[in-house]
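Hi everyone, thanks for coming. I'd like to walk you through one structure today, so please have the viewer open and follow along.

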Amino acid sequence: MKSILFLIVFISLNSQASDKSICGDSDDRTLSNDRKIARASSLNRLAGCTVTMIGRSCAVSAGHCVDALEKASFNVPDSDETGLKESIKEDIYLRSKDYLRYKNNGVGNDWAVIKLLPNKVTGKYPGDVQGYYSVALEAPIRLGDKVTITGYGLDQNDPNLSFSQQTNSGSIKKIGRWLKPSAIEHLVDTMGGNSGSSIISNSTNKIIGIHTHGGCDSKGSNQGTLISKNKVFKDAIKSCLDWERTIE
């Protein structure tokens, strides 16, 4: 029954998650508990993608995850032999319908900015309770820089850990590609469900990009969208954060 359950969940993620993408001979992700990073899903599911808070209500993810950006669950209990676990009601936040900006145009232009509503029980915004990361809108990025990615991906080695929060660090392999200066390639282990995870600079602890696509399993690299080189993405982030200054 357990195997069937995770197979059903994995199939349901197929439209959002990239192919497996472990960079090396083994999956080096470890369990983590970053309160600023949530598991994203549609209202009737428990998993799908990953979102990260960048303000009191503003969060970032991947554009191809748009169907899974209805609900953000923080402090998710680890999965076990009975399947995926749901967060407590106080840690679940729904997306506001008045702000959704996204692009789903492949590596380098795949991103989303959303607003989350106050929690139905506490009446508080997620960023006020869970915290949030700063975004590096203009920071210089260099090849070889170390980055960390945390998210809620599949785990083929231990199904009990699937779609629990795990983290891994690695280096930036490439910045930009033909006609896509905002493409970024990295060597951090991810799996399906990690889509939308923030790429965080180890040196500044700020978000520099969004992980969107796999590729390491074919001796390539995992890929995403670099914020500093994508003007429309930056403008969407600024717009959301500017709006936050008007709320009490």
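The buried residues of α3 are covered by several strands, including β4 (58-61), β6 (92-104), β7 (110-116), β12 (207-213) and β13 (222-226). Before going further, please keep in mind that this is a predicted model.

Which residues of α3 are buried? They are Phe-233, Lys-234, Ala-236, Ile-237, Cys-240 and Glu-244. These residues cover an arc of only 160 degrees around the axis, so they sit on the same side of α3. For those who like the geometry behind that, an α-helix has 3.6 residues a turn, so residues three or four places apart point the same way.

How does the length of α3 work out? The helix has 14 residues, 231-244, and at 1.5 Å a residue these should span 20 Å. The end C-alpha atoms are 20 Å apart, which agrees with that expectation.

Setting aside neighbours within four places in sequence, Glu-138 is in contact with Ser-228 and Lys-234. You'll find Glu-138 in the loop between α2 (126-130) and β8 (146-151). Is Glu-138 buried or exposed? Its relative accessible area is 56%, so Glu-138 is exposed, the cut-off being over 50%. If you want a distance to check in your viewer, Glu-138 and Thr-52 are 86 residues apart in sequence, and their C-alpha atoms are 19 Å apart in space.

Now for a contrast, please click on Asp-110, in strand β7. β7 is among the strands that cover the buried residues of α3. With a relative accessibility of 0%, Asp-110 counts as buried. What does Asp-110 touch, not counting residues up to four places away in sequence? The list is Ala-62, Gly-63, His-64, Lys-103, Asn-104, Thr-212, His-213 and Thr-225. Asp-110 and Ala-183 are 73 residues apart in sequence, with 9.4 Å between their C-alpha atoms.

Ala-68 and Ser-164 are 96 residues apart along the chain, and their C-alpha atoms are separated by 16 Å.

Asn-75 is not a glycine, yet it has a positive phi of about 50 degrees. Asn-75 lies in the loop between β5 (71-73) and β6, and at 21% relative accessibility it counts as partly exposed. Asn-205 also has a positive phi, about 60 degrees, although it is not a glycine. You can find Asn-205 in the loop between β11 (198-201) and β12. It is partly exposed, at 46% relative accessibility.

Last stop: a pocket. Rolling a probe the size of a water molecule over the atoms shows where empty space is left. The second largest pocket has a volume of about 150 Å³. How many residues line it? There are 13, and the ones nearest its centre are Pro-140, Asp-145, Ser-201, Ser-203 and Thr-204. By class, the lining is made up of six nonpolar, four polar and three charged residues.

That's my tour, and I'm happy to take questions.

How values were computed: Residues numbered from 1 in each chain as written. Predicted model: local features only at pLDDT ≥ 70, side-chain atom pairs only at ≥ 80, totals over all residues. Heavy atoms only, no water. 1 Å grid on protein atoms, 1.4 Å probe; cavity = no way out; pocket = protein on both sides within 12 Å on 5 of 7 lines; lining within 4 Å. Points joined across faces, edges and corners; volume = space filled by probe spheres on them. Nonpolar A, V, L, I, M, F, W, Y, C, P; charged D, E, K, R; others polar. Helix = DSSP H or I, 4+ residues; strand = E, 2+ residues; numbered from the N terminus. Expected span 1.5 Å × (residues − 1). Buried < 20%, exposed > 50% of the residue type's maximum accessible area, 1.4 Å probe, protein only. Arc of directions from axis to C-beta. Contact = heavy atoms within 4.5 Å.
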